[in-house]
Amino acid sequence: MAIAGIPEVIRDFNLYLTGNRLGGTTGEVAIPDFESTTATTSGNGILGEYEAIVVGHYGSMELEIPFRCICEDYFAGINPSSAVELMLRGSIQYTVKATQDADEMGMRVVVRGRCKKIAIGTVKQREGMDSSITLELTYIMIEMDGQKRLELDKLNGVFKVNNVDMLAKTRQLT
């Protein structure tokens, strides 16, 4: 179902590590940008050059998980030889144009990757430590209202937009 209105805010969200709700995270998680790999194209019939987007190929993607302080959940995600799976579940509030009522829909983001950076933070009396873990992502899936909108699995050759396999023809031809 598409939002029949104006999306406004994330009403609330929770972060889960391998199915267990994380405690101690701060109130903000930045979803990484998707920056396409490109190849410079020039030659006969082209005035100058341009960057051709290589469909389904993206640069390095990092996700930083901020914690108020180090805790048991923090240490569950720092082993660099084991993949970590995180799921962010949230509620998007929107206003329905026809009725002007407030409503909400679910959002889910699932990521997998391995720990790339550990920031223990600082120790100061009566303040948080601003600790964090940074993951190098190899998988990300974004779902809205139960519908997959974007899925990228770098290690298994999967790239889908609105649940359409963007690499089906590539696999057929190779």
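**View 1. The β9–β10 hairpin in the predicted model.** Strands β9 and β10 form a hairpin with four residues between them. G157, in the turn, has a positive phi of about 65°. The strands (DSSP E runs of at least two residues, numbered from the N terminus) span residues 147–153 for β9 and 158–161 for β10. They run antiparallel, joined by four bridges; pairing requires that DSSP finds at least two bridges between two strands. L152 stands opposite F159 in β10.

This is a predicted model: local features need pLDDT of at least 70, side-chain atom pairs count only at pLDDT 80 or more, and totals for chains, interfaces and linings use all residues. Residues are numbered from 1 along each chain as its sequence is written, and side-chain values use heavy atoms, without hydrogens or water.

**View 2. The β10–β11 hairpin.** Two residues lie between β10 and β11. N162 in this turn has a positive phi of about 50°. β11 covers residues 164–165 and pairs with β10 in the antiparallel sense over two bridges. V161 stands opposite V164 in β11.

**View 3. The largest nonpolar core.** A nonpolar core is a set of buried (under 20% relative accessible area, 1.4 Å probe, protein chains only) Ala, Val, Leu, Ile, Met, Phe, Trp, Tyr and Cys residues joined through side-chain atoms within 4.5 Å. β6 gives the most, with six residues.

**View 4. Around I65, and a second core.** Beyond neighbours within four places in sequence, I65 is in contact (heavy atoms within 4.5 Å) with residues including L15, L22, L86 and L135. A second, separate core of five residues includes Y16, M87, V110 and Y139.

Definitions and conventions: Buried means under 20% relative accessible area, exposed over 50%, partly exposed in between (1.4 Å probe, protein chains only).
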